[in-house]
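Please read it with the structure open.

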Amino acid sequence: MSEKVDAVLSKWGLIPLRIAVGVIFLMHGWQKVFVFGIAGTADILRWVGIPFPEFFAVIVMTTELLGGLAILFGLLARWAALALAFEMTVAIFTARMHGGFFTPNGYEFELSLLGACLTIAAIGSGVVSLDKWLKRAPR
């Protein structure tokens, strides 16, 4: 490709990934907060063997909801992606590994999200993000 096309794609290329990953985590966090609640989310964590399930339910709910927003808007996206990558690693080993690779019981979905989160954590949210806009804003 030409250098001009490369420049445009490198500027806008992360947006589809950020939208997809951000919306997925935002919706899963929303479901845990507004449908399952702390008790329902804690029950899921208890079932897979997570200690202190009520405490970690709040952590998971907050991480998914706010982490999804952070990735979507590109604000502290690297930190949010790291937290969500850790969450996906825990989910794979505690809840999905026994189900094999393939969905619906396997870990392929969580592995895809883990890879996407590690990518965002490694390279950031890109040029089109609140992080970049805030750095350029005059003080």
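**Notes on the helix packing**

1. The axes of H2 and H3 come within 7 Å and cross at roughly 165 degrees. Axes here are lines fitted to C-alpha atoms, for helices over the stretch in contact, and angles run from 0 to 180 degrees between N-to-C directions. H2 and H3 are therefore roughly antiparallel to each other. The scale is this: angles under 35 degrees count as roughly parallel, over 145 as roughly antiparallel, 65 to 115 as roughly perpendicular, and the rest as oblique.

2. The H2 and H3 crossing is left-handed. That term applies if the near helix is turned anticlockwise from the far one by less than a right angle; clockwise is right-handed. The contact of H2 with H3 divides into 21 nonpolar, six polar and five charged residues. Nonpolar covers Ala, Val, Leu, Ile, Met, Phe, Trp, Tyr, Cys and Pro; charged covers Asp, Glu, Lys and Arg; the others, Gly among them, are polar.

3. A word on the basis. This is a predicted model, in which local features need pLDDT of at least 70, side-chain atom pairs count only at pLDDT 80 or more, and totals for chains, interfaces and linings use all residues. Residues are numbered from 1 along each chain as its sequence is written, and side-chain values use heavy atoms, with hydrogens and water left out.

4. How confident is the predictor? The protein chain averages a pLDDT of 95, and 99% of the residues score at least 70. pLDDT is the predictor's confidence in each residue, from 0 to 100.

5. The protein chain has six helices and zero strands. Helices (H or I, at least four residues) and strands (E, at least two) are DSSP runs, numbered from the N terminus. The C-alpha trace spans about 50 × 40 × 20 Å along its principal axes.

6. Helix H4 (residues 77-96) packs with helix H5 (residues 108-123) at an angle of about 155 degrees, their axes 8 Å apart. That makes H4 roughly antiparallel to H5. Their crossing is left-handed. Contact means heavy atoms within 4.5 Å. Residues making it include Leu82, Met88 and Arg96 of H4, and Glu110, Leu114 and Ile123 of H5. By class, the contact of H4 with H5 has 17 nonpolar, one polar and three charged residues.

7. H5 also meets H2. The axes of H2 and H5 come within 11 Å and cross at roughly 125 degrees. That makes H2 oblique to H5. H2 passes H5 in a left-handed crossing. Among the residues that meet are Leu14, Arg18, Phe25 and His28 in H2, and Phe109, Cys117 and Thr119 in H5. The contact of H2 with H5 has eleven nonpolar, two polar and one charged residues.

8. The structure holds four aromatic pairs. The rings of Trp30 and Phe34 have their centres 4.2 Å apart and their planes at 45 degrees, so the pair is tilted. Rings of Phe, Tyr and Trp (its six-membered ring) pair if their centres lie within 6.5 Å; planes under 30 degrees apart count as stacked, over 60 as edge-to-face and the rest as tilted. Being four residues apart in helix H2 (residues 14-47), Trp30 and Phe34 are separated by about one helical turn.

9. Two loops deserve a look. A cis peptide bond joins Thr103 and Pro104, with omega about 20 degrees. Pro104 is in the loop between H4 and H5. Phe52 is not a glycine, yet has a positive phi of about 50 degrees. Phe52 sits in the loop between H2 and H3. Most residues other than glycine have a negative phi, and most peptide bonds are trans.
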